[in-house]
Amino acid sequence: MGKLTYIICGKLYDGIDRELKDNQKILIEDDRIVEVGPEVQQPESAQVIDLSDTTVTPGMIDAHMHMDNIDWHTIRQEVYYTSEEHKALGILRTAQKALSRGFTTVRHPGGITSNGFGVLDVRDMINQGYFSGSRIVAAARLICTAGSHGDLSQTFARRPEFSFAVQNMISSLGAGKDFFANAVREEIKAGSDFIKIMATGGFFTPYDNPRQQQMNDEEMEAVIRTAHEWGKTVTAHVYSPDHIRKLVGFGIDGLEHCSLLDEETAQIVEEAGAYIVPTFCPYEEAVHYDPVKIQTKQPEFRAKLEYYKDALQAGREVIKNCKCKLGYGTDQVATHQNYESGYEYKAWLESGMDPFRALEAATRINAEILQLDDRIGTIEKGKLADISAWKRDLMTDPKALLDCAFVMKEGVVYPTERCEDMDEDA
Ligand SMILES: [Zn+2]
């Protein structure tokens, strides 16, 4: 018999039932959960962890986190002035921070500034036990076109001697269906877990917009077909209903953001069984309009948030009321910035979402999206012992997921850290 751990829960959300259960115990042997329930006996040899003053949940999962930058305020400098090695260290730091905040797994849908495969090395080194940190599921590179939301050289587009040189250094940027089919094969060759495409424009970049289609139909279709031939899923950065319908028609697995969704399109997504990771965090200042906080955003981002404010508010209502499979992701772009993984919970609750829908998204549904649902996402017999616990009331406190009281990954307990910018009324 291996090492036994016996956890006494205050309340338990197990990722399966929409309730907080009283009087639950969890028995763990090494890295696995062997028993859960009110009747579980405490073996004499077990280490006892008393979490009776907390709510215990599965380890949380952030399904949309660009891990490669250290500081949100200096991200534009980090793009060009730091090495790929620096970026890999940024990724490691982000994985350590996420774990200490109760997020035991994170999904990296392409590097914002890294253009290499460092995230895959960090993923593997954490799995091999050389470093502690959240489990990483990654698409290393953003597959995209020139001038797209993935092409950060658009910042200096009018200095072509620089801009074209940088553009040509982005190995996942190109044109034509053959280029994109091959980019998918290269991505899988390097060891990415899934494929991420910048199918359409976005908010953060200066010279494109979220209603713009950037990869053409043939290119999108080539990516999705090739990935499926190779047994990988594809998710797309996308906002507007016409593009969402197109991608669903090509058989895409997932859709990130979808912030301008309409009801008719939501129905189509639901029927197709594709998932949406709606990433509320970046649009909060527009959706819950805050004229002061919005000033802290970069000028071009702020201008687009203002311009699309009404559409973003309408889209949020559609997402809230839809029956699509929703995942939980922040779209965090740096380790230190104005939101952390737990802030998405606040955004969901303040948008009027049922807290159980948010908890399900961050646990069981995200595990399905990451294709790890046979191992994580719920607290039940046979699953890995990824367990978090929270002091605050998950049903009523929007900041509950910012204040982690306990975290265990694969049966090992790690130190926790409260979110540093838990402000004013904390
Ligand atoms: Zn993103």
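Biologist: Does His64 count as buried or exposed?

Modeller: Burial is read from relative accessible area, where buried means under 20%, exposed over 50% and partly exposed in between, using a 1.4 Å probe and protein chains only. At 0% relative accessibility, His64 counts as buried. Bear in mind that this is a predicted model, in which local features need pLDDT of at least 70 and side-chain atom pairs count only at pLDDT 80 or more, whereas totals for chains, interfaces and linings use all residues. Residues are numbered from 1 along each chain as its sequence is written, and side-chain values use heavy atoms, with hydrogens and water left out.

Biologist: Which residues coordinate the zinc ion?

Modeller: Donors are N, O and S atoms within 2.8 Å of the metal (3.2 Å for Na, K and Ca), and because water is not among the atoms, sites may look incomplete. Here the zinc ion is coordinated by NE2 of His64, NE2 of His66 and OD of Asp331, at 2.1 to 2.2 Å. Along the sequence these donor residues follow the spacing H-x1-H-x264-D. His66 is buried as well, with a relative accessible area of 2%, and Asp331 is buried at 11%.

Biologist: Where is the place of Asp331, and what is its phi near?

Modeller: Asp331 sits in the loop between β14 (325–326) and α12 (343–350); such elements are DSSP runs numbered from the N terminus, helices being H or I of at least four residues and strands E of at least two. Most residues other than glycine have a negative phi. The phi of Asp331, however, is near 65°, a positive value in a residue other than glycine. Cys258 also has a positive phi, near 50°, and belongs to the loop between β12 (254–257) and α8 (263–272).

Biologist: What does the span of helix α6 agree with?

Modeller: The expected span of a helix is 1.5 Å times one less than its number of residues. Helix α6 (residues 217–229) has 13 residues and should therefore span 18 Å, in agreement with end C-alpha atoms that are 18 Å apart. Its buried residues are Glu219, Met220, Ala222, Val223, Ile224, Thr226 and Ala227, and what covers them includes α5 (177–190), β10 (195–197), β11 (234–238) and α7. Helix α11 (residues 309–321), with 13 residues, should span 18 Å too, and its end C-alpha atoms are 19 Å apart, which agrees; its buried residues are Lys309, Leu312, Gly315, Arg316, Val318 and Ile319.

Biologist: Which residues does His243 touch?

Modeller: Contact means heavy atoms within 4.5 Å. Leaving out residues up to four places away in sequence, His243 touches Thr200, Pro210, Arg211, Gln212, Gln213 and Val238. His243 is found in helix α7 (residues 241–249) and is buried, with a relative accessible area of 4%. Arg123, in helix α3 (residues 118–127), is buried at 9% relative accessibility, and touches Ile136, Gly191, Ser192 and Asp193, again not counting residues up to four places away. The C-alpha atoms of Arg123 and Leu92 are 8.5 Å apart, although 31 residues separate them along the chain.

Biologist: How many cavities of 30 Å³ or more are there?

Modeller: On a 1 Å grid over the protein atoms alone, a cavity is a set of points where a 1.4 Å probe fits but cannot get out, a pocket is an open set with protein on both sides within 12 Å along at least five of seven lines, and lining residues have an atom within 4 Å of a point. Grid points are joined across faces, edges and corners, and a volume is the space filled by probe spheres set on them. By this rule there are 3 cavities of 30 Å³ or more. The largest cavity holds about 290 Å³ and is lined by 23 residues, of which Ile112, His149, Phe204, Asp331 and Val333 lie nearest its centre.
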